Amino acid sequence: MTTPGVRAAAGDVPAIRARAAWIRKRSLRMVHDARQGHPGGDLSAADILATIYFGVLRYDPRDPRNPARDRFVMSKGHATGSLYAVLAAAGFFPEADLETYMQPGSKLNGHPNREYLPGVETNTGPLGHGLPVGVGIAIAGQIDAADYRVFVLTGDGELQEGSMWEAAMLAGHRGLANLTVIVDRNRLQQGAGTEETNALEPLADKWRAFGWDVVEVDGHDVAALLEALDGARQARPRCVIARTVKGRGVSFMADDVKWHHGVPTTPQLEQALAELDAAEMAR
Amino acid sequence: MNVMAPEQFDCRDAYARTLEDLAAADPRIVAVVNDSVGSSKLTGFRRRFPERLVNVGIAEQNMVSVGAGLANGSKIAFVSGASCFLTARALEQIKADVVYSNTNVKLCGISSGVAYGELGPTHHSIEDIAWLRAMRGLTILVPADPWQTAEAIKAAARIEGPMFIRVSRMPVPELSRADRRFEIGRAERLRAGGDATIIAMGTMVHRALAAAEALAAEGIDAQVLNMATIAPLDEEAIAAAAARGPIVTVEEHVVRGGLGGAVAEWVATHHPVRMRILGFPGFLPTGSAAWLMERYGLTADGIAAAVRDVLDR
């Protein structure tokens, strides 16, 4: 078994931030051009995805199914704008493919398909699937005493699915120290806030009660995410509750439920891109 | 009482024995269960390979997804649970994580059909073929006896891709066959005959053979096909049957969407012939498996009557 050779230099915070800014802009253009997508969740997850792919995950985009790779599972499979952008940035497929997002016959379906696209571990879209599959991968690693780690990014509304807690219970029971789940805690689901819909809080207590270590961080703070995702002393499954803002980085999208699957007009896209550029310049 | 009655077998034993043999030779093989170690007859597997027996507890959705994850981690996952819960409770996991994701997961539906008899329709698994058959890409195997069960499990371990194997607990005899060869996608012709064809699966195959024997005594020559693969269907065998005459299908399953439905789809669009589809009408009244079979004509007599009927005799 060969060991994957590619790993971004962990801790290079400015580079990861630049990747995140690019993912935000690219995903917004994809949603604008496709006239559909989930921009709110794309933007809330951008810093997490950039941190994972450019600061944490060990993989080789030329050998995407290398058995020794770390696995990243996108449980919130609707946020394909930012997922595809980060996979292209990481070298799994040409950036030009992003132009085909949701076009007829495209490999870039509205929800990811592992048969079409290298780098996708499992076909998600229906909620509540990514964590259970991630637990299965982690169990395989546990049986083999393998070195690889498994990361799952879940939405917060998705935690209303019972299958997530079936998986969480088993991961705690088996003490899967190779497993980390990141909750994109933007507090909004499709129709309304999570707390008014079917409250998740006290969320950290729930994960602890299921046998997990819990870390709460600002999900837009790359340095904090890097620290939270460092598995050096991990003895149990870890839940990183990443406090995020849905639509983060664009003033008129931020924390507004209508941008769950809203599509920006061309002037709105231009304004969004200008705001993101200005924020980058100011840093 | 028939003193010549052949010995009857529970196909779960062949399933479990074969899986243990395979696991001894191949470290990639794992079993995933939902607190169903005993009912899947996997106590021996657990004793021999404890680290490869993954018990998720009573959580079928998680069981199927964990199987898909294990496959991602290079394992050959035999996901084993009562067929009623495995296929119905976890249907979206089967669709998204196993079939659509094209993972190397072997779904083993244990105690399928009406084996749980008096426990009632919640525990019967007589809709499973219908809802699984809609998903192209899932191989569906319904072995008819212990030998074929063992062959199906060996093929499942050998051939990459998603599969469903229906493993019955209903006692069945070992079928006598001239040619002991198992091939996925190939119907097994157990008896030749030119007047009509009986196409059966699983527990119904030996009954179909008994029906053909009885019909032969009346001068009706019925061919008997054991359709152990429901998907992909052996269309050549159906074409040959339709060219011969009427077809009677028989299955321990509802009459909508199962074996009969699969055969009828082909027959109606390629070579219309008269058909009878034998199976259960829907949710069933309280009764033992044997009583239910009797009540709905899933017996040698019932099958023979259907053949006479379709031949207008």
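Me: What do the buried residues of H8(B) pack against?
Reply: In this predicted model, they pack against strands S8 (172-173), S9 (188-191), S10 (196-200), S11 (222-226) and S13 (247-254) and helix H12 (300-310) of chain B. Contact here means that C-beta atoms, placed from the backbone, lie within 7 Å. Helices (H or I, at least four residues) and strands (E, at least two) are DSSP runs, numbered from the N terminus.

Me: Which residues in H8(B) are called buried, and why?
Reply: B:Val205, B:His206, B:Arg207, B:Ala208, B:Leu209, B:Ala211, B:Ala212 and B:Leu215 are buried, because a residue counts as buried if 20 or more other C-beta atoms lie within 10 Å of its own, with C-beta atoms placed from the backbone.

Me: What makes strands S4 (residues 213-218) and S5 (residues 238-243) of chain A a pair?
Reply: A pair needs at least two bridges found by DSSP. Six bridges join these parallel strands, so they pair. Within them, A:Val214 stands opposite A:Cys239.

Me: How many residues of chain B are in contact with chain A?
Reply: 24 residues of chain B are in contact with 24 residues of chain A. H3(B) gives the most to that side of chain B, with nine residues.

Me: How are residues and chains labelled, and what confidence is needed?
Reply: Residues are numbered from 1 along each chain as its sequence is written, and chains are lettered from A and ligands numbered from 1 in the order in which they are written. Local features need pLDDT of at least 70 and side-chain atom pairs count only at pLDDT 80 or more, while totals for chains, interfaces and linings use all residues.

Note on methods: Contact = placed C-beta atoms within 7 Å. Buried ≥ 20, exposed ≤ 12 C-beta atoms within 10 Å, placed from the backbone.
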